[in-house]
Each structure stands twice: as structure tokens, then as C-alpha cells.
Amino acid sequence: MEKEEYIITPQGSLGLLALGHIGIQKWRDVVKAEKEKKELLKESTKNVEKK
Amino acid sequence: MSKKNKFLLIGWDAADWKVIEPLIKQGKMPALESLIKEGVHGKLKTLDPPLSPMLWTSIATGFRADKHGIGGFVEPTPDGESLRPVSSTSRKVKAIWNIFNQEGLKSNVVAWWPTNPAEPINGVMVSNLYQLAHKPLGEPWDMPNGTVHPAELSETFKEFRVHPHEITLAMAIPFVPNIAHNKELRENPRTASVLKILANASSVHAASTYLIAETEWDFMAIYHDAIDHFSHTAMKFFPPRRPEIPEEDYENYHEVVEAAYRFHDMMLFRKLELIDEDTTVMIISDHGFYSDHQRPLFIPQEPSGPAVEHSPYGIFVLKGPGIRKNQVISGASVIDITPTILHYFGLAVGKDMEGKVLHQCFENPSVPTFIESWENVSGNDGMHNEILREDPWAAQEALQQLVELGYIDAIEDGKLSQVEDAKRENKYYVARNMLNGGRIEGALEILEGIFSESKKLRYGQRLAFAYLSRKQYSKCSYIIEELRELNKENVETSKSQNDDFNNHEMEEPMYLDYMEGLLLLAINKPRKALPLLQKVQLKNPNNLQIASNIGKIHLERKQYEAAEKQYITALAIDNTSPIAHYGLGMSFLRRSMLNEALEEFLLSLELDFYFPNVHYHLGETLFKLGNFEDATKAFEVAIRLAPGMTKAHKWLVEIYSNQLNLPEKANKSQDFLKNNIVGEIIICTGIVHCDYENFFSIFHELNLPFISTESLSAASSNLHQSSYFLKDYIGKLIFIPSHRLSFLPPELNYKLLVFTKPEVELIDSIVKNNIKNQKENLVSDTVVKLIRNEETKIETWISTIAGLKVLLLNSEELNNNKSEQIEILTEFLNIESNVK
């Protein structure tokens with residue numbers, strides 16, 4: 001069986017779920033990073049607006 | 001014991017070859033395909049009733065429900081006031097992981113039915129309540145008490161759970177593609193169910209991959225309920241669309257089932273990546289799921305009603321070192337799994353276990369060793385020693401899921417009668433399971449109890465079936481009558497209450513006709529059975545059993561073309577029915593269409609090898625084709641499967657002596673025949689005062705070799721001392737009073753004619769006779785008791801003689817339609833062995 005390389009996006013995929021615990025952990029890391037990035041962006045947008 | 005390689009057992013509830021095979025052909029299940037190519041596979045026969053908690057416990061223990069203690073989906077709480085999902089503490093015997101525990105092997109068990117609270121085994125157990133979400137995403141999502149053993153791993157496993165609200169559009173689209181552009185569809189409860197099942201399956205898989213990769217283990221059992229749940233949710237939309245299914249629903253949900261199977265294959269692929277080549281892998285399902293024209297059009301409004309969607313064969317795949325490659329096996333049952341795995345590990349099989357070792361899977365099969373019972377073996381088995389309390393919220397959630405799937409009714413607060421109903425229902429399942437296993441006596445006791453308490457039609461139907469199986473024909477007949485009366489009352493009540501007439505209970509008369517048809521078939525009245533069964537068939541054109549039974553009637557009546565038609569109908573319903581292939585083969589054989597017959601018998605054996613009659617008739621066909629050597633092989637197999645099959649021995653004597661000139665080989669069968677008297681004695685009996693003379697005069701009219709009561713009386717009165725004289729009566733009709741039947745030696749071959757009379761007339765005759773003879777004046781209640789007593793004597797004897805053919809002759813029918821009755825009698829007596 002050939003191994004595939006996964007590109008993880010916040011949307012996730014069935015393939016990630018099928019990877020089991022590793023897939024879920026990695027996906028949640030990406031979701032968390034994305035969320036943090038968005039919050040950071042939101043924060044910085046607010047700061048720019050204040051200025 | 002010697003250390004074996006690891007063993008991975010994966011359960012896919014309700015997985016069915018009829019869905020899998022086309023997907024494999026299209027290359028859509030490559031992981032399963034690889035296992036099939038490198039191992040053995042076949043169908044796995046389920047048990048009745050096909051209910052998951054009961055079946056997965058049988059799989060893990062090798063016992064049926066009456067022994068293992070898991071009857072249904074729910075059980076009363078310890079206070080008896082409400083219901084909870086069935087728990088691990090109710091299992092009465094050791095599961096395979098408990099046996100391994102005692103033998104020093106490490107097991108991991110994930111989500112197996114029912115394993116909450118998790119058992120303290122030498123390994124890890126994650127219970128069947130693990131994956132269920134009972135709070136919205138974002139709120140604390142605790143696990144119920146006892147979900148994980150050892151408890152210190154609970155935090156680790158918490159993180160592997162996927163909440164249904166976490167499922168993204170990208171994950172859901174393969175199941176419901178239209179949600180990509182239809183926002184309303186995302187809110188649809190059916191879509192929500194799909195997402196929930198997907199999340200649960202992902203949770204179970206994640207816990208499994210962690211355990212496979214990160215822990216030491218010898219045996220691992222993982223249970224996925226998702227295929228069953230996806231199928232109950234969406235199999236009705238599986239292609240091809242049936243006219244009753246709304247087009248819009250079909251468009252939205254027709255890909256759910258295929259996506260479910262493909263997702264399971266993806267999960268399997270991952271599991272296979274994580275194990276080494278030396279790990280043995282077994283994939284099984286507890287039952288199948290109708291996916292074609294056999295899909296029921298409605299679900300009965302009764303507990304466990306959705307089980308009508310379950311089909312009787314699940315899947316079995318086994319691959320590993322020492323396992324045969326690319327082979328199809330037959331004759332496997334869910335009850336065989338534990339004995340087979342124990343044998344794989346070199347452990348003894350419990351003699352009290354009902355299953356067998358599936359030798360046919362092994363490249364070099366070895367003789368299994370046996371132990372009286374694993375239950376008597378002491379040591380740390382990792383079972384519970386006290387009942388643990390569980391989180392009521394989690395239990396409630398599990399119940400809710402069962403309610404949503406239609407397995408149980410919604411529970412109303414304070415409704416204690418529901419607990420009583422559930423207890424009776426559990427007993428009903430156990431009784432069905434016992435009936436299915438041939439333990440009819442025990443089943444009868446339970447069914448008589450619950451039917452007299454509740455008068456539920458379903459219980460009465462099974463009771464009638466149990467009486468029929470026990471050859472208690474008059475009791476069966478009384479119950480059918482009672483059920484017809486009960487049903488009339490129910491219909492009246494429903495009409496007066498304007499109940500929905502689409503209720504399953506309204507279908508009962510059909511079922512009762514069917515039961516009556518089977519009863520008539522059992523008492524050798526096929527021509528009376530035929531119109532009843534045909535009537536039932538008109539309403540149930542997709543019922544395999546009805547078509548097969550009608551086919552059987554035509555075969556018995558030598559109407560071979562009509563039989564062929566019925567068996568072709570049966571095969572159109574299910575082309576994997578070994579009985580239908582056999583029946584079709586018989587219709588060809590009796591018309592000397594030998595090549596056609598040969599093909600059908602071979603197909604039948606491919607589907608079920610353990611079918612002695614098919615081997616026998618295959619032998620007969622091969623003989624007629626001049627293939628004597630293969631014919632002897634077929635007869636030898638028939639004898640191995642049914643050692644008392646006299647007719648197969650006769651053929652072997654004929655072939656070895658006269659065709660192959662191997663007299664020394666004929667000796668074995670010759671000896672058997674010498675020691676087993678060949679030929680039948682036709683026993684006539686009946687209840688007193690049922691006009692014997694009428695029947696005797698018919699015998700004389702037909703010039704039948706009837707031995708009169710007078711000439712027999714001296715000898716028959718000494719039956720209890722000597723029965724040797726009976727050998728002189730082979731091929732003749734003799735009268736034996738009902739109270740002397742039990743003295744007849746069981747080693748002789750018999751047919752039985754029972755003389756009967758309508759009960760009212762019988763009572764009248766007995767009362768009049770007593771008055772005439774100046775005996776006590778009997779009241780009718782006492783007479784009824786006398787009649788029942790006589791009937792019981794006859795039925796008790798019938799039940800002790802295996803394969804006894806019985807014909808009930810009724811004096812009223814004889815008076816009303818003598819020629820028809822004579823024809824029935826002649827047909828019955830003319831059933832002859834086909835051996836020269």
C-alpha cells in the first residue's frame with residue numbers, strides 16, 4: 001500500500017479522520033493555529049482602527 | 001501456552017457482502033480487498049434474533065443469550081424503577097479477553113457491546129459509551145464513570161473523541177454531497193444523524209489507532225456500530241431508488257451507505273498500516289443488512305422493529321500467518337468466533353461453548369483441545385467483582401440514540417410498566433435465541449409465561465412456532481386459534497379508536513395463515529397448506545421462506561415444474577439461498593435433468609457445505625451421470641455429516657459392490673445396514689372414541705397391509721417387555737394405542753398416522769360411551785383434560801423420534817371428502833426411498 005502525504009487545512013477531511021488519533025490531533029492543531037491567527041488578525045485590525 | 005502473533009478482531013456491525021462486493025469490483029474498498037486476496041472469506045451466519053448486544057456478546061463468549069445473560073438493548077436500573085443501556089456487569093460468563101487475562105495475554109477492547117463499565121483487564125478497555133456526545137460542543141464533555149480502564153488513561157482518550165459539531169463540510173460532503181450548495185439540508189435531522197454517526201465512528205477509530213500503535217497487546221477487539229447506524233438511517237435511499245422513496249430524499253441521501261463503507265475501508269487501511277505483517281486480522285459482522293429488493297417497506301411498530309432490515313448473513317474475513325489464501329469458506333457462524341480464536345492461540349475450547357473451530361480457515365488444521373468449561377478455571381480473569389455506577393446522563397444519551405434509531409420506544413417518566421414490558425421483551429429475545437439454538441423446552445417455558453402474562457401476539461406467534469418445532473401439533477393449533485381471536489379483538493379495538501391501520505399488528509392474520517400453513521405441512525397435509533401459503537405469498541412476494549416452502553410442497557407432490565417456478569422465485573429474492581438452490585436442483589433431478597441438477601447442488605454446497613441432504617442428492621445425480629467415484633465421495637460426506645443416513649449407506653453398498661467392484665469398501669456400509677433395520681413400520685394411533693373403524697375400513701378398501709387390533713393385541717400388550725416381534729411388521733400398518741407408544745423401540749423406522757375427530761364430537765362420544773357403560777357421568781372439563789392427556793402422550797412420543805413423518809387423519813374430513821382423504825393417505829404412504 002502506498003503512503004500518501006496529507007496537506008491539513010482547517011476544513012479537515014475524511015482522510016484525516018481515517019488517520020485516527022494522529023490525524024485528529026494534527027487537524028485540531030491546525031484549527032487552533034488558524035483560530036489564533038484569526039484572533040490575532042482581529043486584534044491587530046482593532047488596534048489599527050483605534051489608531 | 002506458546003506465544004502467538006498478535007490478533008486483531010474488527011467488528012463492522014451489519015456489514016453485508018451485497019454492498020461490499022460491487023464496491024470491491026469498482027476498486028472502492030482496496031484495504032478489504034487486500035485481506036480477501038491474502039486470506040479466507042465467507043458469510044457469517046447470524047443468530048435469531050439479530051440484535052447487536054446479544055450477538056456481539058455471543059461473538060465474544062461462544063455462548064447464546066440464556067447463558068451469557070445479555071438479552072436486549074436495555075436493562076432495568078438496579079433500583080428496578082427505570083431502564084438503562086445494557087451493561088457489562090450483566091454478562092454472566094467470561095468473554096475471550098477474560099480467558100486471555102487468565103492465560104497471561106494482554107488485550108485491548110474498544111467500544112464492544114456492552115462493555116460499560118470497562119472491565120479491569122490486563123490491557124486497556126474503552127467502553128461502548130465512550131464516543132457518545134451528550135453536551136453541545138464547547139461545554140465540558142466528561143466521560144461516564146467506568147468508560148476507560150485503566151482510569152488514568154481517561155484524559156488521553158477524552159482528546160481522541162470527535163464531537164458531531166466538529167464535523168466539517170469537507171468531511172460531510174462525501175456522505176451528503178448536496179449540502180455543499182444546500183444550507184437547509186445541513187439542518188435536516190437526517191443529516192444531523194449522519195454527522196453524529198460519522199463523529200462516533202471517528203472517535204472509536206482514533207481510540208483504536210492509539211491503542212494499536214502505542215500499547216503492547218496480544219489481542220485487540222474493536223467494534224464499529226456505524227455501518228449498522230448509517231444503514232438504518234439511509235439504506236432506504238441506496239440505489240436503485242424504489243418508487244415509494246421521494247425523489248428529493250433519494251437525491252440527497254443515496255450516497256450515504258456507499259460513503260460509510262468506503263470510510264470504513266479507509267479506517268481499515270490505517271489500522272493495517274499500524275500493525276505488522278505477522279498480525280492476524282479478522283473482520284466480521286454480526287448480521288447483514290438488506291440492500292436490494294428485500295428491503296422492508298415499513299418498520300414494525302414494536303421494540304427492536306428495525307431489526308427487520310437485518311439479513312441473516314454477515315461477513316467473515318481472516319488473514320494472517322497460517323491462514324489459507326484467497327479461499328472462500330462456508331458454514332461459519334457468529335458463535336464460532338471465540339472457539340476459533342482460542343484455537344488460534346493454542347488454547348482449549350470450552351466444551352460448554354456452542355460454536356466450533358473453523359478448521360477450514362487454517363493451512364494446516366490441528367485437532368482442537370477441549371476443556372470442560374472456562375467458567376471453572378480460577379485466576380485473575382479481569383471481570384468485575386462489583387457493580388459500578390454509571391453516569392445517568394451518558395446512559396440517557398445512549399438510550400436516546402436507540403430511540404432515534406427506532407430500536408426502543410421513548411421512555412416516559414414514572415412509567416414502571418415500561419420496565420416490566422422491557423423485562424418481558426428481554427425474555428422474549430432470550431427465548432427466540434434458545435429456539436434458534438434448538439433449546440426448545442427452555443424457550444417454551446419462557447414463552448408460555450410471557451404470553452399468558454401479556455397476551456402479546458408476537459409472543460404467541462413464537463409460542464406457536466415453538467410448539468410446532470417440538471411437534472406438539474395440537475397445542476400449536478390451539479394457540480393459532482387463540483391468536484386469531486386475540487387479533488380480531490385488536491382489530492375491533494383499533495377500529496373503534498381510529499388507530500392507524502398501518503400498524504404491524506394488522507399484518508398478523510397473514511402471519512397466522514403462514515403458521516397454519518407450516519403446521520399443515522408438518523402434519524403432512526401439503527395440499528391444504530398450499531392455498532394458505534399461496535395467499536400469504538400474494539401479500540409477501542419477496543419472502544424467501546414462503547417461496548421455498550411452497551416449492552417444497554410442489555416437490556412432495558411431485559409437481560416438479562411448479563416447484564422449479566417457486567425456487568426460481570426464491571432465487572430471484574435471494575440468489576445466495578442454499579435451500580433454494582437445493583430445491584431447484586431437486587426439481588431438475590426428479591425430471592432427469594441431471595446436469596442442471598448437478599450445477600444447482602454444487603451452488604448450494606458452495607453456499608453451505610454442512611447440508612447432508614445436498615451431498616446425498618449430489619451423490620445420486622453423479623451416480624446417474626455414471627460418475628461413480630465422485631458419487632461415493634458425495635455419499636461419504638453425507639454420512640460424515642449425518643452418520644445415521646441409512647439411504648446413503650445403501651447407495652455406497654450398491655456402488656462399491658456392483659459398479660466399482662470394491663467389496664471390501666462396501667462392508668462398512670453393509671455392516672451399518674445390518675445393524676440398522678431398514679424399512680418403516682406405519683404406526684396408527686389416536687384418541688379413544690375417534691371412530692377407528694372408519695379408518696380401518698379405508699385400509700381394507702385400499703387393500704393396505706393392516707394388522708388388525710385383535711391379531712396384534714397379545715403382542716402389543718407386551719410391548720414394554722419385548723418389541724422384537726415388530727421387525728415382522730416392517731412395511732405394514734399396525735395399531736398401537738397412545739399409552740403404549742412410548743414402548744416402541746426408537747431404533748426402528750416409523751411413520752405415524754394419527755386418527756382425530758372434531759373436539760366437540762369427541763367429547764360427546766366419550767360422555768355418551770360412559771353413560772352407555774354406566775360409568776361415572778363425566779363433565780366436559782374432565783373430558784377435555786382426558787383428551788389433552790392423550791394428545792400429550794402422542795406428541796411426546798413424536799418428539800422423541802427424529803425425522804418422524806406424521807399424518808393427521810380427521811374423521812369429519814374423511815366423511816366429507818373421502819376421495820381427497822384417500823389421496824392424501826396414499827401420497828403419505830407412497831413416500832418411498834429413491835434407492836433401489
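User: Before we start, what makes two residues count as "in contact" here?

Analyst: Two residues are in contact if their C-beta atoms, placed from the backbone, lie within 7 Å. With that in hand, residues 24 or more positions apart account for 67% of the contacts in chain B with a separation of 6 or more. This is a predicted model, where local features need pLDDT of at least 70 and side-chain atom pairs count only at pLDDT 80 or more, while totals for chains, interfaces and linings use all residues. Residues are numbered from 1 along each chain as its sequence is written, and chains are lettered from A and ligands numbered from 1 in the order in which they are written.

User: Why is B:Ala111 called buried?

Analyst: Buried takes 20 or more other C-beta atoms within 10 Å of the residue's own, exposed takes 12 or fewer, and partly exposed is in between, with C-beta atoms placed from the backbone. B:Ala111 has 26 within 10 Å, so it's buried. It also has a positive phi of about 60° although it isn't a glycine, and it sits in the loop between β5 and β6 of chain B.

User: And what makes B:Lys558 buried or exposed?

Analyst: B:Lys558 has 11 other C-beta atoms within 10 Å, so it's exposed. Its phi is near 60°, again positive in a residue other than glycine. You'll find B:Lys558 in the loop between α21 (544-556) and α22 (560-573) of chain B.

User: How do you know that the length of helix α26 of chain B agrees with its residue count?

Analyst: Helices are DSSP runs (H or I, at least four residues) and strands are E runs of at least two, numbered from the N terminus. The expected span is 1.5 Å times one less than the number of residues. For the 14 residues of α26 (628-641) of chain B that should give 20 Å, and the end C-alpha atoms are 20 Å apart, so the two agree. Among its buried residues are B:Phe635 and B:Ile639, and their cover includes α25 (612-624) and α27 (646-659) of chain B.

User: What makes β2 and β12 of chain B a strand pair?

Analyst: Two strands pair if DSSP finds at least two bridges between them. Strand β2 (40-45) and strand β12 (313-319) of chain B have 6 bridges, in the antiparallel sense. One of the bridges joins B:Val40 to B:Leu318. Both strands belong to an open sheet of 9 strands with mixed pairing, in the order β7-β6-β5-β8-β1-β9-β12-β2-β13 (chain B).

User: Why are β7 and β13 of chain B called edge strands?

Analyst: β7 (148-149) and β13 (327-333) of chain B each pair on one side only.

User: What is meant by the largest nonpolar core, and which residues have the most contacts inside it?

Analyst: A nonpolar core is a set of buried Ala, Val, Leu, Ile, Met, Phe, Trp, Tyr and Cys residues joined through C-beta atoms within 7 Å. The largest one has 242 residues, and those with the most contacts inside it include B:Val126, B:Ala207 and B:Val256. Helix α9 (189-214) of chain B gives the largest share, 12 residues. Leaving aside neighbours within four places in sequence, B:Val256 is in contact with several residues, including B:Phe175, B:Val194 and B:Phe237.

User: What makes the peptide bond into B:Pro117 cis?

Analyst: The bond from B:Asn116 to B:Pro117 has omega near 0°, and it's cis. B:Pro117 is in the loop between β5 (107-110) and β6 (123-126) of chain B.
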